[in-house]
Amino acid sequence: MSYIISCCTTTDMHKEHYEAFNEKYIGFHYMVDGKSYTDDMGETMSMQEFYHHIRNGAETATSQVSLGEYIDYFRRLLSTGQDVLHVTLSSGISNTYNSACSAAEIIAAEFPDRRLFIVDSLCASSGSGMFVDLLAQKRDAGEPIEEVYQWALDHRREVMHWFCSTDLTYYIKGGRVSKVGGVIGGAFRICPLLNVNPEGKLVPISKVRTKKKVLTALVDKMEEHAQGGLDYDGPCYISNSDCLEDAESVRAQVLARFKNVREVSIFDIGTTIGCHTGVGTVALFFLGDKREDA
């Protein structure tokens, strides 16, 4: 590799996927019923076990990568003699971008001949994973790190994020859905449709009645916003929180509607993001012409 592409485990990819794309990563932290873990993509606690705890009402919390952890991590990467481009979880969701920037400033004096670029992805979950993959592909095509860094800043808002949830428990806990709204939503089988806005914040857009309709609404949004509309032929990723059947339903609809899309990759929503979504969330990611609030 001419330089290192790096990210956080909040990109919600499998370990084998990071290895295939030659991407380095550092883990966030999460707590389940008071016990602390590092987000290591299911190695310490399997995704099946994690979501079993979630389904049984576990109390969860998360913490970002600390300044000291970033300093140690960047030191290890730069010690290889390579430059580094590190991509963080959206600043609209976490403060980790600021921590990474502070660490980069501190470590710079130790490596005056090396370059360390920090990119605020304005993305989340496998949307940021898809974004990092695009950067890795550009690196492997021989594009210089400065050009890839600038491309990242110019195109990060083209990664579309559309989410839906059929279980509002953790959205209520996190304050994204009111308790009253959650009760009413459950009674009438109403599922929120959400997206990530231009500032990288997760926002509710509309309420759709029944799971079947909201899953189709995700694909409708892809038709509306994808580059080229129904002629879209770019990458398409889906992540899900312990609702694989729903994710596969969305994949089947995408492949049926977008004839030029040859593959739709499905990933688990990892432990860090999963602490906030709970079960029942499906997210669809693709490249669009712009990112809007609706």
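Reader: Which side chain does R139 meet in a salt bridge?
Author: In this predicted model, the side chain of R139 meets that of D140 in a salt bridge, at 2.8 Å from N to O.

Reader: Is R139 buried or exposed?
Author: R139 counts as buried because its relative accessibility is 3%, under the 20% cut-off.

Reader: How many salt bridges does the structure hold?
Author: There are 13 salt bridges. One network of them links D83, R114, R115 and E146.

Reader: And R75, which partners does its side chain meet?
Author: R75 meets D72 at 3.1 Å, N to O, and E110 at 2.7 Å, N to O. R75 and D72, by contrast, both lie in α3, three residues apart, about one turn of the helix.

Reader: What of the buried side of α3, which residues are there?
Author: Y70, I71, Y73, F74, L77 and L78 are buried. They pack against β1, β2, β6, α4 and β7.

Reader: Turning to the cores, how many residues has the largest nonpolar one?
Author: The largest nonpolar core has 57 residues, and L85, L218, M222, V250, V254 and L284 have the most contacts inside it. A second, separate core of 21 residues includes F28, Y73, V84 and F111.

Reader: What does V254 touch?
Author: Leaving aside residues up to four places away in sequence, V254 touches V219, M222, C236, V261, V264 and L284. V219 and M222 are among the buried residues of α9, whose cover includes β11, α10 and β13.

Terms used: Residues are numbered from 1 along each chain as its sequence is written. This is a predicted model: local features need pLDDT of at least 70, side-chain atom pairs count only at pLDDT 80 or more; totals for chains, interfaces and linings use all residues. Side-chain values use heavy atoms; hydrogens and water are left out. Buried means under 20% relative accessible area, exposed over 50%, partly exposed in between (1.4 Å probe, protein chains only). Helices (H or I, at least four residues) and strands (E, at least two) are DSSP runs, numbered from the N terminus. Contact means heavy atoms within 4.5 Å. A nonpolar core is a set of buried Ala, Val, Leu, Ile, Met, Phe, Trp, Tyr and Cys residues joined through side-chain atoms within 4.5 Å. A salt bridge is a side-chain nitrogen of Lys or Arg within 4 Å of a carboxyl oxygen of Asp or Glu.
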